[in-house]
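Student: I'd like to learn how to read a fold like this one. Could you walk me through it?
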Amino acid sequence: ETGSTNMTALLRKLRVKTKLTLLLMVTLLSLVTLSSFNLAELWKELHDSRKAELTNLVDNAFSLIDRQQKLLQSGDRTREDAIQEVYDDIRSLRYKGSEYFFIINESGTFVMHPIKPELEGKDSMTLADSNGKLFLAEMVKNAIANGDTYVDYYWDRVGSDVPMPKISYARHYKEFGLIVGTGVYVHDIEAKFWSEVQFQFVLFVIVMLIALLFSSQIAKSMDD
């Protein structure tokens, strides 16, 4: 109670202009905190949506693998034929026009890549993105350990040699010893996020200027 009384007395001693300045600072700090929270939520929402999209796409690819697994179990396919059918089925899959799936075995060797078939039979574990990140080594390791994984990295778009941010999702099909993955570029959602950042900044500046104008007018009227 004594502390509360002292605070009240202190506030009474402050000049009106000082009180308005403190109120303005508290208001602006609250706006910054709220804006930061909203932007963090937007970033998470955008990336979670893209991750969910990738998960659903790999679900579709896995349905084709499950079919071959059932044919193998029924004796209608040999293991070698079933795996080859998996390669052929997934090689032809496309979404969003040109986006594709790739397959790596548990040793980290590319066994199917529809866009760059020259990678097939080559070790993926030493392949790095433009920042030197061994993203496929991370993908293989985590997919085997956890069943599936997401990996962020930079990669050239089809028809371009400019690396762009990308996220891939990969899942381990243990029965065949295969890791099936696909990825999409995220420059569009990053652009959307930064557009919102710019909007929030402009809004903050406008609110700050209006608040400064009103506080100065109030202080001036009281001085008069």
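Tutor: Helices (H or I, at least four residues) and strands (E, at least two) are DSSP runs, numbered from the N terminus. Keep in mind that this is a predicted model, where local features need pLDDT of at least 70, side-chain atom pairs count only at pLDDT 80 or more, and totals for chains, interfaces and linings use all residues. Residues are numbered from 1 along each chain as its sequence is written, and side-chain values use heavy atoms, with hydrogens and water left out.

Student: Is R50 buried or exposed?

Tutor: Buried means under 20% relative accessible area, exposed over 50%, and partly exposed in between (1.4 Å probe, protein chains only). R50 has a relative accessible area of 10%, so R50 is buried. Contact means heavy atoms within 4.5 Å. Leaving aside residues up to four places away in sequence, R50 touches K96, I167, V184, Y185, V186, D188 and I189.

Student: Which residues of α3 are buried?

Tutor: First the general idea: an α-helix has 3.6 residues a turn, so residues three or four places apart point the same way. In α3, the buried ones are A82, I83, V86, Y87 and I90. Down the axis of α3 they fall within an arc of 145 degrees, so they line one face of the helix. That arc is taken from the directions from the helix axis to the C-beta atoms.

Student: And the sheet: in what order do the strands come?

Tutor: Two strands pair if DSSP finds at least two bridges between them. Here five strands make an open, antiparallel sheet in the order β2-β1-β5-β4-β3. β2 (110-112) and β3 (148-156) are at the edges with a single partner strand each, so one side of each has no neighbour in the sheet. Further in, β1 (residues 101-105) and β5 (residues 178-185) pair over five bridges, and F101 has T182 as its bridge partner in β5.

Student: Which residues have the most contacts inside the largest nonpolar core?

Tutor: In soluble globular proteins, nonpolar side chains tend to be buried together. A nonpolar core is a set of buried Ala, Val, Leu, Ile, Met, Phe, Trp, Tyr and Cys residues joined through side-chain atoms within 4.5 Å. The largest one has 27 residues, and I65, I90, F101, I103, F176 and V180 have the most contacts inside it. Helix α2 gives the most to this core, with eight residues. There's also a second, separate core of 16 residues, including F110, L136, V151 and A170.
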